[in-house]
Structures are given as structure tokens and as C-alpha cells.
2 protein chains.
Amino acid sequence: MITDSSLEKFLDELASRAPTPGGGSAAALMGAMAAALVSMVCNVTLGKKGYEAVEAELTAVRDESETVRRRLTAMVDEDVAAFDSLMAAYKLPKATDDDKARRGAAIEGALRRATETPLDCARTAAQVIKLARRASERGYTGVVSDGGVGVLAAYTALRSAALNVYINAPSLKDRTFADETVAEIGTLIEFGAAESEAVYGLVRGRLG
Amino acid sequence: MITDSSLEKFLDELASRAPTPGGGSAAALMGAMAAALVSMVCNVTLGKKGYEAVEAELTAVRDESETVRRRLTAMVDEDVAAFDSLMAAYKLPKATDDDKARRGAAIEGALRRATETPLDCARTAAQVIKLARRASERGYTGVVSDGGVGVLAAYTALRSAALNVYINAPSLKDRTFADETVAEIGTLIEFGAAESEAVYGLVRGRLG
């Protein structure tokens, strides 16, 4: 598992000529960092004097951000697996008509997975943006900038995952699924762009 | 060193109630990921048929991105050290006038370091954006999306580092340095916003 390797080693592998880990794993890791920063804002605030009124709300935000953090962390490896199965499908034999049919079906299945994985990452990153707003509005002022970094990282995770959808969706035979996915990504990006700027502004305002 | 710990452990520490690692380290890591992705685009392209004409240019980009990657990776730990020395300065005794003078000087020095560290991160992230353009214009089409993720990550690293400048600059006694730094950050963000969108557009165009 990539997530067991050191930051140093992960960065070396990202930089190498090997196709994985690549942008999809980086997107998932940025999303996981974003969720971790939301959790941090909550964890630092919980138990602080003067923040008693937001304890219940920030406990709920923290529990949710920890759940999405685990999902996004798992996606670092899932993205590699999705890419590998796509490469394996392209390498299947194509000598006979039977071969070609089998290969075509395998490619379509792998492309679907390689589209659904970043779609899932984009959806989850959008959830982190919502959590970042709740944490940044209510969290301890001394760590509110961490909420700001969180919301920026979450939006970048979303847009980065979108790029991987744009690569794979055009090759899908199932045009309905492809079109629906690209449309959903468009909606997520629109939400993420507006909401992340709003939260960033809120954070800058609270920094004074 | 944080960069020796696993991704899993780094994320746990980011999420914890401990003040470090926080947004500053996350910013540096996003910058390092961005540089790694630029290197990847170059490394995958170098030696590919049909890309002979860009070999010299992409070798130069790769060498530079590897240098900035090392600097940004080091900043993950430097940000923690800068924060720790600021906390230590605030905890110095302040009973006598002598104490107060010593404490004041220590705080000013630590604040300067806690402003220069993210400024350095922002400057280096801006360099990565420039490298991402060169790689994304010339790199192998099959990995151009990784250049897109790289440019988004670099710009987010820049804006995230900026937040840490905004936190610390107002408390500095040296107003000239503080004002110059905030002005430079403004220029870097302006460049980063326009250039990262231009490169993202270029990448989407090359994806077809």
C-alpha cells in the first residue's frame, strides 16, 4: 500500500517515469489532507474555553471528516489499481473476433472503473468543502487558517479528480453514463469554485 | 523528520489536536507533489518516440523541478520548526523589563522566520507553476493531465502559504519587512491565479 510508504518515498514514486502513482493518487491525497485539516480545526477547538456552544456541531463535523479522510486515503491506492486494470485490459490479445470481444468488454469495464474512481474522489472532496465551511465558521480563531488551507486543498482535489474523468469518459462506449458523469463533474466544480472562495474569504475575514 | 513517516501517519498527525504539522506543512507537501508531477511528465516523455525535439528542454525542466521538489520537501519540516520557535518565544519569562526586552526580541525573530518560511514556500510554488507550463506544453499527451494536477497543486500551495504569511505579518514590529512581504505575496498570487488557469486550460485543450 502506497499509504504505508514514507512521504519521501511517495514523492520519489510520483516523480518517477512509472505511470503510477500519478495525478489521481495526488488528488486523493490532497483530499485526505483537506479532511485531516478540517479534523484538526475541530480537534483543537473541542474543549477550548469560550467554544462550549459549538462542541456538539464540531464533534459531528470531526466524525464526518474522519470518515471521509479514511475514504480519500483508500483512494490513493484505488486510483493505482484502476489504472493498472485499464493497462491490463489494453494488453489483452486481439487476434480473433472472440479475443476482440473479450478485450473490448474488459476495456469498457476498466474505463468505467477509471472514471468512477475519480468521480468518487470529486464527490468526496465536495463533501470536505462543506465540512470546511462548518469548521471554519465555528473553529478556534488560532487555527482557522488551517481550515482555509483545507478548503483550498479540497477544491484542488476535486478539480484534479475531474481531469481524470475528462481523460477516460470520452473513450467509454456507454455514452449515457459518460455524459451523466461529465455533467455531474461540471456541477461539482461549479459548487466547489464558489463555495471554496466563499470559505477562503470567510477565513481571511476571521484572520482580521 | 515528518517526511520519513508514512502518509497514513502524517495524515493522522495533521488531523490531531497538536498544532503541528498544520496548514504550513500541508502547503509545502502540496508544492512538493506539484514539483514531483512536473518531473513525472518530463521523465515519462524523455526517450519517447516523436518527442526528440523537446528532450533538451524537458531535461532542464526536470532537473529544475527536482531541485525545487527537494526544497519544498524540506519545508514540510521547516514549517514545524518555525512554529515551534514562535511558541517557545511566547513562553519566555516576562517578569522584569530585561525579560520583556529579551522576550520581545525573540518573538520578533521567530515571527520573521514564521513569515519568511511560507514566503519562501510561495515563491518556490510560483516557480513550479512556471515549470508546469513548460512541461504541459511539451510533454507526452498521455501524461499531460498530471501536469494539470501539478499546476493546480502548485497554485494551492502558493495560496495556502500566503495564509500563513497573513497570520504572522501583522504582528511584526518591522513594518517595512511586513508590508513588503504582503505586497510580494499579492504579486505572487496574482501571477499564480492567471498562470495556473492558463496552464489548466492548455492541459484541457491537449486532452481534446
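In the predicted model, Ser196(A) is in contact with Ile129(A), Val151(A) and Tyr155(A), leaving aside its neighbours within four places in sequence. The residue lies in helix H6 of chain A. Ser196(A) counts as buried because its relative accessibility is 1%, below the 20% limit for that class. A polar atom of the Ser196(A) side chain lies 2.6 Å from the backbone oxygen of Gly192(A).

Glu195(A) is also found in helix H6, which spans residues 175–207 of chain A. With a relative accessible area of 16%, Glu195(A) is buried, because the class takes in values under 20%. Outside the four places on either side in sequence, Glu195(A) is in contact with Ile129(A) and Arg133(A).

The secondary structure of chain A consists of six helices and zero strands, and the elements run α-α-α-α-α-α from the N terminus on. Taken along the principal axes, the C-alpha atoms of the chain fill a box of roughly 75 × 35 × 25 Å. Chain A has 208 residues, of which 56% are buried. Of the contacts in chain A between residues at least 6 apart in sequence, 79% join residues at least 24 apart.

The largest nonpolar core holds 146 residues. Within this core, Met33(A), Ile185(A), Met33(B) and Ile185(B) touch the most other members. For Ile185(B), the contacts beyond four places in sequence are Leu119(B), Ala122(B), Ala162(B), Val165(B) and Tyr166(B).

Between the two chains, 52 residues of chain B are in contact with 52 residues of chain A. The area buried between chain B and chain A is about 4,600 Å², and carbon and sulfur atoms give 66% of this area. Leu7(B), Arg159(B) and Leu163(B) supply 15% of the area that chain B buries against chain A, more than any other three residues.

Polar pairs also occur across the interface. The count between chain B and chain A is 21 residue pairs in polar contact, with both residues at pLDDT 80 or more. On the side of chain B that touches chain A, at least two residues each come from helix H1 (7–15), helix H2 (23–45), helix H3 (55–90), helix H5 (144–168) and helix H6 (175–207) of chain B. H5(B) gives the largest share of that side, 13 residues. By class, the side of chain B that touches chain A comprises 28 nonpolar, 14 polar and ten charged residues. Four salt bridges are found across the interface of chain B and chain A. Arg159(A) forms a salt bridge with Glu197(B), and the closest N and O atoms of this pair are 2.8 Å apart.

Ser16(B) provides a further local view of chain B. This residue lies in the loop between H1 and H2 of chain B. Ser16(B) counts as partly exposed because its relative accessibility is 25%, a value in the range between the limits of 20% and 50%. Not counting residues up to four places away in sequence, Ser16(B) touches Met40(A) and Asn43(A). Ser16(B) and Gly186(B) are separated by 170 residues in sequence and, C-alpha to C-alpha, by 31 Å in space.

Definitions and conventions
Residues numbered from 1 in each chain as written. Chains lettered and ligands numbered in written order. Predicted model: local features only at pLDDT ≥ 70, side-chain atom pairs only at ≥ 80, totals over all residues. Heavy atoms only, no water. Core = buried A, V, L, I, M, F, W, Y, C linked by side-chain atoms within 4.5 Å. Buried < 20%, exposed > 50% of the residue type's maximum accessible area, 1.4 Å probe, protein only. Contact = heavy atoms within 4.5 Å. Buried area = accessible area lost by both parts, 1.4 Å probe. Salt bridge = Lys/Arg side-chain N within 4 Å of Asp/Glu carboxyl O. Polar contact = N/O pair within 3.5 Å; in protein donor to acceptor, adjacent residues only side chain to side chain. Helix = DSSP H or I, 4+ residues; strand = E, 2+ residues; numbered from the N terminus. Nonpolar A, V, L, I, M, F, W, Y, C, P; charged D, E, K, R; others polar.
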